[in-house]
Structure formats: C-alpha cells, structure tokens
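Me: Please examine the structure below with attention to its charged side chains.

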Protein chains: 2
Amino acid sequence: MALSLTRAAAARWAATTTRLVRTPPPAATAAAARCAFSTDEGFGGPGGRTMVVSLTGPDRVGVVADFSSLLSSTFGANVEASRMAQLGGDFALILQLRVDADAADPAKLQASLSDTFPGFAITARETAAEVPAASGSQYTVELEGPDSKGIVAAVTEALVRSGANVGEMKTEVGPAPFAGYEEFRLAARVHVADERVSGLGAALEKVQERFGVVVALEAIGGDK
Amino acid sequence: MALSLTRAAAARWAATTTRLVRTPPPAATAAAARCAFSTDEGFGGPGGRTMVVSLTGPDRVGVVADFSSLLSSTFGANVEASRMAQLGGDFALILQLRVDADAADPAKLQASLSDTFPGFAITARETAAEVPAASGSQYTVELEGPDSKGIVAAVTEALVRSGANVGEMKTEVGPAPFAGYEEFRLAARVHVADERVSGLGAALEKVQERFGVVVALEAIGGDK
C-alpha cells in the first residue's frame, strides 16, 4: 500500500492526520459511479419498503460486519442512513434499511435477527422512505460544559418551545481536559421557522446561564 | 437577544454560519462549572447503574424533549452518550443512561417507557459503564461515492479482517450534487492495532476499487 503523507487539516479533537488510502483519479471514480448506477437492480425503486431497525447488545469486534452482512445477503437490505456507537459495554445501532417490496415484513425481520443474535435487543418497524419536508431553515446547536442532570431535557425543551424539529443529535460525556469535572458535549442539526430563531437563541441563552455551559446556535448556509 | 455576528469557520456542508447565542465570559463559565461540580449529588457515582435504551417511532416535534424529560424527572436518569436521527418517517434514538443504584431495572424502565409512548418500539438493557479499553490507535474512515447494495457490509468486513473495533459510525444517503445517482457517505472512528493499519488500508483500497468510491483512512493524532 502506498502511503501518500498528505496532512489534512487538523480536526477539532485530532492534532495530526495522515492519509493512508491512495485516492483514485477522478476519472476512475466517475466511471465506476456510472457503472454502479447502471447496474443498479432496482433497490430504492418505487416498489421498495423502508424499515427502521434498532439493535443493542454486548460489543465485540465484528458485530457491525455480522449484522450488515446478514441484512445484505439474507434480506437483500441496503443500509441507508444509520448511527452506531459504543455505549458503555454495549454496541448500539439504529439503521434505515431499504428492502424489496416483497421482502419479509418487520415482525419476521425482527424475529430472524433475534434468532441469529440472541444476546441483542432488536426491534424493526416499517416507516416512510423520506424524511418529511420541514419549513424554516436548518441550524446547528452545539453545547459544551460540565455535565449536569437534566441538561438534555433543558436543551430539547428549549427546542420544542420554539417549534424546532431535531434532524439529528449526538451527545458525549468524558473527562474535561485540565478540569475537575466530567464534560458534556452536544451537537444537533435542527429545523426552525425563521421568525422563531431569535426566541430559540434566547431560550438557549437561559440554558447557558442555568448550567454554566457554552452554547452556539448557527445557521447552516445555503440549505433553506 | 443580542446577535454577535461572528463568522465561524465554514463547515464542510455548510457555506456560512452566524453565531446566534451570546457567549458568556470564560470566568462565568468556569465559576458555574465549579458550582455544577460541587453541587453534583452523586450521579455517575460508584453506586450508579448504566442502561442502554433504544427508541424508534413516528417523528414529531418534541419527541426528544418528551423522552428526556420523562427519563430525567421520573427515573432520575442522566443521558450520557447518545445518537438520535430522523430515519425516513421515524425518529430513532440510542441512549446511554446513568441511573441511581436503586433505580428501576431495565425491564421496568422498558415497560414504563412503552406505556407512556405506545407507538414506539423500545428496548432497555443494563451494561457496563465504561467502553472497554482497546489496544492500538484511533483512526477515522471516511467514504463517499455512489450508493451500492452491500457497501456497508464490505467496509465493515474490511474492518473486522484487520481486527479493527468500531467506536462509532454514521452513514447517510442523499442526492449527489451534479450527478445522476444517490450518493452514499460513511464516517467512522475505529481502533486498530498499529501493525495492522497497512492491511486495513489495503483492504479499504479494494473497497474503493470495487464500488467506485473514495475512501480516506486517517490517524487521529495524540489519542493512542
């Protein structure tokens, strides 16, 4: 393997990075993209169905590979949007799957997955393929500070009072550098009506004061 | 609300951002942090228990607020690490909760949540508080290109063959700008033994060639 030692811009919590996979020339990618497109045998087509699957259970190397291989080979399912994380001693996944119209129903999918992964808590639901269109604009909310009970409830309460819809959210707790407390971090993408943004900002300022954290609310440009 | 129109660095998929929450002076934050720490009444203490909860169900404004408020007020639970996302018409959450040692057991927590949110698929498990220590170093894997069936299985298979442990992963599918296909994006943080990194790079190059995508494997600096 060739290592082209290009330095990427340092990420916020990553000091230096090194590129370890050789990037193909753009022409090769575009050709392969056309190929992948033209040989697409109908997944995501109008007759397909969308399932949302959750799985939580004891973490081990290969757990994601086992799930995704089974989903792909046995159910012909394509993983679309997903979030996966180590949560304490567990590994947890939420997956949006696209399956063929005549594929197993959610109850059968859940039963089959539970048979194959007996130590896991597994659910499957059918849902609409598309996230419903939301009015207003997209914003990011970022929060950082000492962990306190009820902080997620306070942030989400501020969001709901402004009619803001959560597109995605992530929280983490970890030791704060150079501090004697556990640090809490939250990042979210939300949709909010333009006329309610200033109200949301004011509500988040109250969260900031109450919990002694720093909150940023920022518009995502070009994505109204 | 005061708008201090500081421009933040443009995020990758966000052209311009505007700060909408006034940042408190550092001294105020530090004082509040000390306060939050000193009034901490034992959550996360040695007697606490860790639960992993998954919830999937029909999306609506306020769903996260309702869950987190119930968890905090009724169960005294503190949300630590979490991932939440709109997946098609559903909203899905995976949460790591810290509860008191004498709190409800997972079965009761699950039953109570299911009673309160009848349309949702809900699971709760008890797990270890800490992610087990992994040997090796941390790397990010990023992939972008046309969506193809089995691509998640191929990436995770490459990871497991190199003994890489997935810390977190996120996938999204959406329209590619200026292209006629659906674009797939994957971002992951993995732990891999130093002597197996070059093997992982080679395996990811094969994924790159097979699916016509671009993959980047990069070391996260300073976090061995």
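**Salt bridges and burial**

Reply: Lys170(B) is partly exposed, with a relative accessible area of 31%; buried means under 20%, exposed over 50%, and partly exposed in between (1.4 Å probe, protein chains only). This is a predicted model in which local features need pLDDT of at least 70 and side-chain atom pairs count only at pLDDT 80 or more, whereas totals for chains, interfaces and linings use all residues. Residues are numbered from 1 along each chain as its sequence is written, chains are lettered from A and ligands numbered from 1 in the order in which they are written, and side-chain values use heavy atoms, leaving out hydrogens and water.

Me: Which side chain meets Lys170(B) in a salt bridge at 3.0 Å, N to O?

Reply: A salt bridge is a side-chain nitrogen of Lys or Arg within 4 Å of a carboxyl oxygen of Asp or Glu. At 3.0 Å, N to O, the partner of Lys170(B) is Glu168(A).

Me: Is Glu168(A) buried or exposed?

Reply: The relative accessible area of Glu168(A) is 16%. Glu168(A) is therefore classed as buried.

Me: How many residues apart in sequence are the parts that Arg49(A) and Glu126(A) tie together?

Reply: The two side chains meet in a salt bridge of 2.9 Å, N to O. Arg49(A) lies in strand β1 (residues 49–58) of chain A and Glu126(A) in strand β4 (residues 121–127) of chain A; strands are DSSP runs (E, at least two residues), numbered from the N terminus. The pair therefore ties together parts whose separation in residues is 77.

Me: How many salt bridges does the structure hold over all chains?

Reply: Arg189(B) and Glu168(B) form one of them, at 3.2 Å, N to O. Over all chains, the number of salt bridges is 19.

Definitions and conventions: Helix = DSSP H or I, 4+ residues; strand = E, 2+ residues; numbered from the N terminus.
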